[in-house]
Amino acid sequence: MGATYDTIRDKIARGALPRSTYTSASMGHGLSAPCDGCDEAVVPADTEVTVEFPGGSALRFHLDCFGAWRVASSAVVAPSEPMTTTPRRVLPRREE
Ligand SMILES: [Zn+2]
């Protein structure tokens, strides 16, 4: 995973893409409309994944972008989730 994964992870972090709580996902041929993950067109030769969410909204992904989104959305820690490790705060030593 490279640039596409990073793009999608960034979109999730910024709130431009939701995390992967969806009601259904269906696959079909692309309709040449832009992918919500990488912003490239999903051409008919590509497999398009349509993801539906509670409330009726939907997103369109390339098959690879769908996979990247699922991985990235579980990798982005939401503010409400407990941190597993607390970074130690390192204070600068005062020079007397
Ligand atoms: Zn894509």
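These are my notebook entries on a predicted model of one protein chain.

**Entry 1, the overall layout.** I began by counting elements, and the protein chain has two helices and five strands. Reading from the N terminus, I wrote down the order α-β-β-β-β-β-α. I then looked up burial: of the 96 residues in the protein chain, 21% are buried. I also checked the contacts with a separation of 6 or more, and 55% of them link residues 24 or more positions apart.

**Entry 2, strand pairing.** Which way do β1 and β4 run relative to each other, parallel or antiparallel? I found them antiparallel, with six bridges joining β1 (residues 24-29) to β4 (residues 47-52). Here His-29 has Thr-47 of β4 as its bridge partner. Next I followed β4 to β5 (residues 58-62), and this pair is antiparallel too, with five bridges. Across that pairing, Glu-48 stands opposite His-62 in β5. The hairpin of β4 and β5 has five residues between the strands, and I noted a positive phi near 105° at Gly-55.

I turned to the largest nonpolar core, which has 14 residues. Which of them touch the most other members? My list reads Ile-8, Phe-61, Cys-65, Phe-66 and Trp-69. Two or more residues each come from α1 (3-14), β4 and α2 (63-75). The biggest share belongs to α2, with five residues.

Leaving out residues up to four places away in sequence, I found Cys-65 touching Thr-4, Ile-8, Cys-35, Gly-37 and Cys-38.

How values were computed:
Residues numbered from 1 in each chain as written. Predicted model: local features only at pLDDT ≥ 70, side-chain atom pairs only at ≥ 80, totals over all residues. Pairing = 2+ DSSP bridges. Helix = DSSP H or I, 4+ residues; strand = E, 2+ residues; numbered from the N terminus. Core = buried A, V, L, I, M, F, W, Y, C linked by C-beta atoms within 7 Å. Buried ≥ 20, exposed ≤ 12 C-beta atoms within 10 Å, placed from the backbone. Contact = placed C-beta atoms within 7 Å.
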